[in-house]
Amino acid sequence: MKIDILSDTHFDFYFQNGNYKKENVVEFFKKIIDINNIGNVLVIAGDLGHYNDQNIRMLKILKEFYKNIVCVLGNHDYYLIGKENKAQFKDSFERVENMRELINQEAGMYCLDGWVVEIEGVKFGGCDGWYNDGYFGRQYPNGDFPRKSTNQQWKNCMNDANFIVGIENFDDIFEIERPKLERVYQKCDVMITHINPSAKDEHISEKHRRNSSNVFFCFDGEKYLRNGTMKHWIFGHTHDELEYKEHDVNCICYPMGYPSESGNGQWIKVRQIEV
(Lines give C-alpha, C1' and ligand atoms only; values in the text may rest on other atoms or scores of the structure.)
Protein backbone atom coordinates (compact mmCIF):
# COMPACT_ATOMS: atom_id res chain seq x y z
CA MET A 1 0.00 0.00 0.00
CA LYS A 2 1.16 3.54 -0.79
CA ILE A 3 0.42 6.13 1.90
CA ASP A 4 0.67 9.86 1.21
CA ILE A 5 1.49 12.01 4.25
CA LEU A 6 0.76 15.59 5.23
CA SER A 7 0.17 17.46 8.46
CA ASP A 8 -0.55 21.02 9.53
CA THR A 9 -2.51 21.93 6.42
CA HIS A 10 -3.93 25.10 8.02
CA PHE A 11 -6.50 25.48 5.27
CA ASP A 12 -7.72 28.90 6.38
CA PHE A 13 -4.27 30.44 5.95
CA TYR A 14 -4.22 29.36 2.29
CA PHE A 15 -7.83 30.05 1.39
CA GLN A 16 -8.83 33.21 3.22
CA ASN A 17 -12.04 35.24 3.18
CA GLY A 18 -14.08 32.40 1.74
CA ASN A 19 -11.76 32.10 -1.27
CA TYR A 20 -12.04 28.35 -1.67
CA LYS A 21 -13.74 27.73 -4.97
CA LYS A 22 -13.27 24.13 -5.98
CA GLU A 23 -11.17 24.93 -9.03
CA ASN A 24 -8.75 27.02 -6.92
CA VAL A 25 -8.34 24.25 -4.35
CA VAL A 26 -7.83 21.59 -7.03
CA GLU A 27 -5.14 23.66 -8.73
CA PHE A 28 -3.41 24.28 -5.42
CA PHE A 29 -3.23 20.61 -4.47
CA LYS A 30 -2.13 19.55 -7.93
CA LYS A 31 1.13 21.33 -7.07
CA ILE A 32 1.55 19.20 -3.95
CA ILE A 33 0.19 15.79 -4.94
CA ASP A 34 1.95 13.58 -7.49
CA ILE A 35 -1.04 12.99 -9.75
CA ASN A 36 0.73 10.14 -11.54
CA ASN A 37 1.56 8.30 -8.31
CA ILE A 38 -1.29 8.92 -5.88
CA GLY A 39 -1.31 6.87 -2.69
CA ASN A 40 -4.07 4.49 -1.66
CA VAL A 41 -4.54 6.56 1.50
CA LEU A 42 -3.87 10.17 2.45
CA VAL A 43 -2.92 10.62 6.12
CA ILE A 44 -3.27 14.10 7.62
CA ALA A 45 -1.73 14.31 11.10
CA GLY A 46 -3.75 17.20 12.49
CA ASP A 47 -4.14 20.97 12.31
CA LEU A 48 -6.62 21.00 9.45
CA GLY A 49 -7.64 24.59 10.12
CA HIS A 50 -9.62 26.90 12.37
CA TYR A 51 -13.08 26.47 10.85
CA ASN A 52 -14.97 23.18 10.65
CA ASP A 53 -17.11 24.15 7.67
CA GLN A 54 -14.07 25.06 5.61
CA ASN A 55 -12.13 21.99 6.77
CA ILE A 56 -14.79 19.54 5.60
CA ARG A 57 -15.09 21.31 2.26
CA MET A 58 -11.35 21.03 1.74
CA LEU A 59 -11.36 17.34 2.69
CA LYS A 60 -14.20 16.59 0.29
CA ILE A 61 -12.20 18.13 -2.53
CA LEU A 62 -9.09 16.16 -1.52
CA LYS A 63 -11.25 13.04 -1.44
CA GLU A 64 -11.64 13.37 -5.20
CA PHE A 65 -7.92 12.59 -5.45
CA TYR A 66 -7.90 9.81 -2.85
CA LYS A 67 -9.92 6.69 -2.22
CA ASN A 68 -9.38 7.06 1.54
CA ILE A 69 -8.41 9.86 3.91
CA VAL A 70 -7.37 9.09 7.50
CA CYS A 71 -6.69 11.93 9.92
CA VAL A 72 -6.49 13.06 13.52
CA LEU A 73 -7.01 16.55 14.88
CA GLY A 74 -4.38 18.96 16.19
CA ASN A 75 -4.18 21.79 18.68
CA HIS A 76 -5.40 24.38 16.14
CA ASP A 77 -8.47 22.24 15.50
CA TYR A 78 -9.44 22.94 19.12
CA TYR A 79 -9.16 26.73 18.80
CA LEU A 80 -12.25 28.89 19.19
CA ILE A 81 -11.37 31.82 16.96
CA GLY A 82 -13.85 34.24 15.42
CA LYS A 83 -17.50 35.03 16.07
CA GLU A 84 -18.73 32.00 14.12
CA ASN A 85 -16.91 29.45 16.29
CA LYS A 86 -17.68 31.21 19.55
CA ALA A 87 -21.36 31.41 18.70
CA GLN A 88 -21.61 27.80 17.55
CA PHE A 89 -19.61 25.97 20.21
CA LYS A 90 -19.65 26.30 24.00
CA ASP A 91 -16.05 25.05 24.28
CA SER A 92 -13.23 23.50 22.27
CA PHE A 93 -14.32 19.94 22.94
CA GLU A 94 -17.69 20.57 21.35
CA ARG A 95 -15.92 21.92 18.29
CA VAL A 96 -13.65 18.87 17.88
CA GLU A 97 -16.56 16.48 18.34
CA ASN A 98 -18.42 18.31 15.58
CA MET A 99 -15.35 18.12 13.33
CA ARG A 100 -14.97 14.39 13.89
CA GLU A 101 -18.66 13.82 13.20
CA LEU A 102 -18.51 15.76 9.92
CA ILE A 103 -15.50 13.74 8.75
CA ASN A 104 -16.65 10.31 9.89
CA GLN A 105 -20.03 10.57 8.22
CA GLU A 106 -18.32 10.80 4.81
CA ALA A 107 -17.58 7.57 2.93
CA GLY A 108 -13.86 6.80 2.87
CA MET A 109 -12.98 9.44 5.48
CA TYR A 110 -11.86 8.56 8.99
CA CYS A 111 -11.01 10.86 11.87
CA LEU A 112 -9.43 8.58 14.46
CA ASP A 113 -10.16 9.06 18.13
CA GLY A 114 -8.69 6.09 19.94
CA TRP A 115 -9.78 3.45 17.47
CA VAL A 116 -8.43 1.47 14.52
CA VAL A 117 -9.59 1.35 10.91
CA GLU A 118 -8.38 -1.36 8.52
CA ILE A 119 -7.93 -0.40 4.87
CA GLU A 120 -6.77 -2.97 2.32
CA GLY A 121 -5.26 -5.09 5.09
CA VAL A 122 -3.37 -2.22 6.79
CA LYS A 123 -4.50 -1.17 10.26
CA PHE A 124 -4.39 2.55 11.04
CA GLY A 125 -4.70 3.54 14.69
CA GLY A 126 -4.53 6.92 16.32
CA CYS A 127 -5.86 9.83 18.27
CA ASP A 128 -5.03 13.50 18.58
CA GLY A 129 -2.44 12.90 21.28
CA TRP A 130 -1.03 15.83 23.25
CA TYR A 131 2.13 17.04 24.93
CA ASN A 132 3.07 16.15 28.49
CA ASP A 133 6.05 16.83 30.76
CA GLY A 134 8.15 14.13 29.09
CA TYR A 135 10.78 16.52 27.71
CA PHE A 136 11.47 17.94 31.17
CA GLY A 137 11.27 14.45 32.62
CA ARG A 138 14.32 13.50 30.56
CA GLN A 139 16.22 16.63 31.57
CA TYR A 140 15.28 16.31 35.23
CA PRO A 141 15.01 12.55 35.87
CA ASN A 142 14.48 13.10 39.60
CA GLY A 143 11.25 14.91 38.85
CA ASP A 144 12.43 18.16 40.44
CA PHE A 145 11.10 20.54 37.78
CA PRO A 146 8.25 22.81 38.94
CA ARG A 147 4.86 22.15 37.37
CA LYS A 148 3.65 25.63 38.24
CA SER A 149 6.37 27.31 36.19
CA THR A 150 5.69 24.96 33.25
CA ASN A 151 2.08 26.08 33.27
CA GLN A 152 3.19 29.70 33.36
CA GLN A 153 5.59 29.17 30.45
CA TRP A 154 2.76 27.52 28.51
CA LYS A 155 0.56 30.57 29.05
CA ASN A 156 3.39 32.89 28.03
CA CYS A 157 4.44 31.16 24.80
CA MET A 158 1.59 28.99 23.47
CA ASN A 159 -1.58 30.25 21.80
CA ASP A 160 -3.17 27.01 23.01
CA ALA A 161 -3.54 28.61 26.43
CA ASN A 162 -5.55 31.48 24.96
CA PHE A 163 -7.67 29.82 22.28
CA ILE A 164 -8.49 26.38 23.68
CA VAL A 165 -11.58 26.76 25.85
CA GLY A 166 -12.20 24.18 28.55
CA ILE A 167 -8.73 23.42 29.93
CA GLU A 168 -6.57 24.93 32.68
CA ASN A 169 -3.22 23.13 32.45
CA PHE A 170 -0.77 22.43 29.65
CA ASP A 171 -1.23 18.67 29.87
CA ASP A 172 -4.97 18.42 30.58
CA ILE A 173 -5.69 17.09 27.10
CA PHE A 174 -2.87 14.54 27.35
CA GLU A 175 -4.73 12.94 30.27
CA ILE A 176 -7.79 12.68 28.02
CA GLU A 177 -5.76 11.26 25.15
CA ARG A 178 -3.68 8.79 27.17
CA PRO A 179 -6.37 6.04 27.37
CA LYS A 180 -6.98 6.41 23.63
CA LEU A 181 -3.28 5.76 22.98
CA GLU A 182 -3.48 2.75 25.27
CA ARG A 183 -6.40 1.31 23.28
CA VAL A 184 -4.68 1.30 19.90
CA TYR A 185 -0.89 1.16 20.17
CA GLN A 186 -0.78 -2.64 20.17
CA LYS A 187 -3.41 -3.07 17.46
CA CYS A 188 -2.13 -1.08 14.47
CA ASP A 189 0.43 -1.11 11.68
CA VAL A 190 0.44 2.68 11.26
CA MET A 191 0.02 5.00 14.24
CA ILE A 192 -1.08 8.63 13.86
CA THR A 193 -0.99 11.46 16.40
CA HIS A 194 -0.59 15.19 16.04
CA ILE A 195 2.27 15.29 18.55
CA ASN A 196 5.79 13.85 18.30
CA PRO A 197 5.88 10.61 20.36
CA SER A 198 9.52 11.01 21.42
CA ALA A 199 10.79 13.44 24.06
CA LYS A 200 14.43 12.80 23.20
CA ASP A 201 16.38 15.85 22.03
CA GLU A 202 17.82 13.91 19.08
CA HIS A 203 14.28 13.36 17.79
CA ILE A 204 13.53 17.09 17.65
CA SER A 205 14.51 19.43 14.83
CA GLU A 206 18.16 20.36 15.29
CA LYS A 207 17.48 24.10 15.37
CA HIS A 208 15.12 23.69 18.33
CA ARG A 209 17.10 21.27 20.50
CA ARG A 210 17.74 22.13 24.15
CA ASN A 211 14.90 24.66 24.06
CA SER A 212 12.55 24.46 27.04
CA SER A 213 9.50 25.12 24.84
CA ASN A 214 10.00 21.63 23.35
CA VAL A 215 7.97 20.37 26.29
CA PHE A 216 4.91 21.64 24.36
CA PHE A 217 5.85 19.85 21.14
CA CYS A 218 6.29 16.23 22.21
CA PHE A 219 5.28 13.62 24.72
CA ASP A 220 7.14 10.71 26.26
CA GLY A 221 5.88 7.84 24.12
CA GLU A 222 8.80 5.52 24.84
CA LYS A 223 6.45 2.81 26.13
CA TYR A 224 4.31 2.92 23.01
CA LEU A 225 7.25 2.95 20.60
CA ARG A 226 8.99 0.10 22.40
CA ASN A 227 5.98 -2.18 22.91
CA GLY A 228 3.64 -1.24 20.09
CA THR A 229 2.83 -3.15 16.91
CA MET A 230 3.16 -0.16 14.60
CA LYS A 231 5.93 -0.01 12.00
CA HIS A 232 5.28 3.64 11.16
CA TRP A 233 4.23 6.57 13.36
CA ILE A 234 3.03 9.68 11.55
CA PHE A 235 2.81 12.99 13.43
CA GLY A 236 2.73 16.75 12.96
CA HIS A 237 2.65 19.90 15.12
CA THR A 238 6.20 21.00 14.45
CA HIS A 239 6.47 22.71 11.08
CA ASP A 240 9.81 21.06 10.37
CA GLU A 241 10.24 17.89 8.35
CA LEU A 242 11.41 15.13 10.68
CA GLU A 243 12.16 11.46 10.25
CA TYR A 244 13.81 9.14 12.74
CA LYS A 245 13.71 5.50 13.76
CA GLU A 246 13.12 4.44 17.35
CA HIS A 247 12.63 0.81 18.42
CA ASP A 248 12.30 -0.11 14.73
CA VAL A 249 9.41 2.33 14.31
CA ASN A 250 9.79 4.78 11.43
CA CYS A 251 8.55 8.14 12.76
CA ILE A 252 7.68 10.79 10.17
CA CYS A 253 6.52 14.39 10.26
CA TYR A 254 5.81 16.02 6.91
CA PRO A 255 4.05 19.37 7.42
CA MET A 256 2.54 21.72 4.89
CA GLY A 257 2.80 24.52 7.45
CA TYR A 258 1.95 28.16 6.85
CA PRO A 259 2.11 29.73 3.36
CA SER A 260 5.37 31.50 4.19
CA GLU A 261 6.91 28.13 5.10
CA SER A 262 5.73 26.23 2.02
CA GLY A 263 6.09 28.99 -0.57
CA ASN A 264 2.30 28.90 -0.78
CA GLY A 265 2.58 25.25 -1.72
CA GLN A 266 5.43 25.64 -4.20
CA TRP A 267 8.17 24.15 -2.03
CA ILE A 268 6.58 20.91 -0.87
CA LYS A 269 5.35 17.63 -2.30
CA VAL A 270 3.30 15.03 -0.46
CA ARG A 271 5.59 12.51 1.28
CA GLN A 272 4.87 8.93 0.30
CA ILE A 273 5.72 5.66 2.05
CA GLU A 274 4.93 2.04 1.21
CA VAL A 275 3.57 -0.34 3.80
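**Exercise 1.** In which hand of crossing does α2 pass α3?

*Solution.* This is a predicted model: local features need pLDDT of at least 70, side-chain atom pairs count only at pLDDT 80 or more, and totals for chains, interfaces and linings use all residues. Residues are numbered from 1 along each chain as its sequence is written, and side-chain values use heavy atoms, without hydrogens or water.

Step 1. Take helix α2 (residues 22–30) and helix α3 (residues 52–63); their axes are 10 Å apart and the packing angle is about 60 degrees. Axes are lines fitted to C-alpha atoms over the stretch in contact, and angles run from 0 to 180 degrees between N-to-C directions.

Step 2. The crossing of α2 with α3 is right-handed (the near helix is turned clockwise from the far one by less than a right angle).

**Exercise 2.** Find which residues of α2 and α3 meet, and class them.

*Solution.* Step 1. From α2, Lys22, Val25, Val26 and Phe29 meet Met58, Ile61 and Leu62 of α3 (contact: heavy atoms within 4.5 Å).

Step 1. By class, this contact of α2 with α3 has 6 nonpolar, no polar and 1 charged residues.

**Exercise 3.** Is His10 buried or exposed? Do likewise for Asp248.

*Solution.* Step 1. Most residues other than glycine have a negative phi.

Step 1. His10 has a positive phi of about 45 degrees. His10 sits in the loop between β1 (2–6) and α1 (11–14). At 0% relative accessible area, His10 is buried (under 20%).

Step 2. Asp248 has a positive phi near 65 degrees. Its loop runs between β9 (242–246) and β10 (249–253). At 61% relative accessibility, Asp248 is exposed (over 50%).

Terms used: Helices (H or I, at least four residues) and strands (E, at least two) are DSSP runs, numbered from the N terminus. Buried means under 20% relative accessible area, exposed over 50%, partly exposed in between (1.4 Å probe, protein chains only). Ala, Val, Leu, Ile, Met, Phe, Trp, Tyr, Cys and Pro count as nonpolar, Asp, Glu, Lys and Arg as charged, and the others, Gly among them, as polar.
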